[in-house]
Amino acid sequence: MFARLEAPEADPIIRLMAQFAEDPRHDKIDLGVGVYRDAAGRTPVMAAVAAAEARILAAQETKGYFGLAGDPRFLVAMRGLLLGDGVDPGRLAAVAAPGGSGAIRQLLELVRLAAPGATVWISRPCWPNHAAIADAVGLRLREYSYLGPAGDVDGAAMLADLDGAAPGDVVVLHGCCHNPSGADPDAATWAALTDMAERRGFVPFVDVAYQGFGTGVEADVAGLRHMAARLPEMLIAASGSKSFGLYRERVGLAMALCAEAGAAGRVGGALASLNRRNYAFPPDHGARVVTTILSDPVLRADWEAELATLRARVATNRVALAAALAEATQSPAFAFLTRHRGMFSQLGLHPEAVLRLREAHGVYLVADGRINLAGLTPATIGAAAEAVAAVLREAATAA
Ligand code: LMR
């Protein structure tokens with residue numbers, strides 16, 4: 001059976017994780033996978049998470065199955081976190097899913113069931129798993145322009161491309177902290193995208209994986225909320241991995257905004273059936289932790305305060321790296337870093353330079369030049385900047 005099976009090429013982010021783990025150098029620097037790290041290089045368990053887990057452990061009497069959609073209290077808590085009270089709950093259908101990627105998979109399978117001819121539009125550049133999942137589900141893919149030459153969102157180019165989307169097409173947008181670029185649309189661009197979705201009839205699919213890492217928990221979903229208040233239909237995927245630090249617990253939410261309650265009932269049934277067929281019951285522990293935190297004012301305040309410190313650390317790293325690169329390269333070329341938000345930016349390096357950084361300097365970036373700013377510490381920022389400057393000098397000399 002397996003004689004001719006070829007293992008698919010690993011996702012570049014996952015491949016990099018393995019390469020980093022195998023590298024014996026003690027001074028290697030991991031700017032690859034999007035995982036938050038503190039100044040000591042650890043990915044902490046957030047205090048509110050630990051407190052919620054202790055509570056759950058003390059009170060839990062059973063690990064019997066919950067419903068296929070997951071715990072309804074989780075669905076309500078996440079709805080509030082994402083949408084506030086700006087949308088009629090009767091128009092929403094939601095299920096818990098294993099992580100943000102699990103939610104994306106379920107929603108794209110839903111699209112395939114509802115509109116098999118739909119094209120999925122993703123930004124160029126984009127997170128590789130959006131394309132990989134759309135491809136696995138069998139949906140057609142197209143890219144839309146996203147960035148201008150200075151590394152900021154080019155709203156006009158984005159809108160010009162999306163003007164070609166057909167009614168019922170799905171347009172994937174990153175709720176905040178665009179992965180990989182770190183450049184987010186401004187409020188005017190979100191408003192223009194909403195107008196265009198209304199006019200052209202495409203369905204925005206907003207992926208919220210970094211809520212709280214941009215400007216703030218509420219501010220980071222302002223664009224999403226603007227759209228949800230206006231549009232008849234939307235898809236929303238959310239992840240608890242980064243915002244709650246629950247990476248390995250696989251906390252995800254797949255949600256659809258429907259034109260009316262009757263459609264929401266049918267979509268909810270379809271999502272529950274997709275859960276059943278793909279993995280039956282969604283994981284519960286991490287979802288329960290999130291629900292416990294969001295429903296308790298003290299734990300919620302504690303979580304938001306800790307998340308604010310994580311956000312501030314990443315923002316500080318941005319400023320420090322931009323300064324270190326300006327010094328090391330004697331050029332203002334990296335000033336855009338301070339305009340971006342969240343864990344990622346792309347350094348605009350050629351793949352050869354990315355390879356050289358890894359091989360000669362032990363600095364690990366994704367092949368598209370994406371760096372995870374949370375991977376830097378005060379002790380490594382200078383070395384990382386010097387390494388980038390060195391490979392740029394080499395490339396200039398070779399040219
Ligand atoms: C990333 O982009 O590095 C993270 O979202 C982790 C992943 O699953 O790719």
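How far apart do the C-alpha centres of domain 1 and domain 2 lie? In this predicted model, the separation between the two centres is 27 Å.

## Domain layout

The domain assignment of the chain places residues 12-46 together with 300-398 in domain 1, while domain 2 covers 65-295.

## Extent of the interface

Where the two domains meet, 24 residues of domain 1 are in contact with 34 residues of domain 2. The area buried between domain 1 and domain 2 comes to about 2,400 Å², and carbon and sulfur atoms account for 57% of that area.

## Polar and charged pairs

Three salt bridges are found across the interface of domain 1 and domain 2. Separately, D184 forms a salt bridge with R341, in which the closest N and O atoms are 2.5 Å apart. For polar contacts across the interface of domain 1 and domain 2, the count is 13 residue pairs, with both residues of each pair at pLDDT 80 or more.

## The side contributed by domain 1

On the side of domain 1 that touches domain 2, at least two residues each are supplied by helix 1 (12-22), helix 11 (297-329) and strand 9 (344-346). Helix 11 gives the most to this side of domain 1, with six residues.

By residue class, the side of domain 1 that touches domain 2 divides into 11 nonpolar, six polar and seven charged residues.

Notes: Residues are numbered from 1 along each chain as its sequence is written. This is a predicted model: local features need pLDDT of at least 70, side-chain atom pairs count only at pLDDT 80 or more; totals for chains, interfaces and linings use all residues. Side-chain values use heavy atoms; hydrogens and water are left out. Domain bounds come from an automatic or database domain assignment. Contact means heavy atoms within 4.5 Å. Buried area is the accessible area (1.4 Å probe) that two parts lose on being put together, summed over both. A salt bridge is a side-chain nitrogen of Lys or Arg within 4 Å of a carboxyl oxygen of Asp or Glu. A polar contact is a pair of N or O atoms within 3.5 Å; within protein, one must be able to donate a hydrogen and the other to accept it, and residues adjacent in sequence count only if both atoms are side-chain atoms. Helices (H or I, at least four residues) and strands (E, at least two) are DSSP runs, numbered from the N terminus. Ala, Val, Leu, Ile, Met, Phe, Trp, Tyr, Cys and Pro count as nonpolar, Asp, Glu, Lys and Arg as charged, and the others, Gly among them, as polar.
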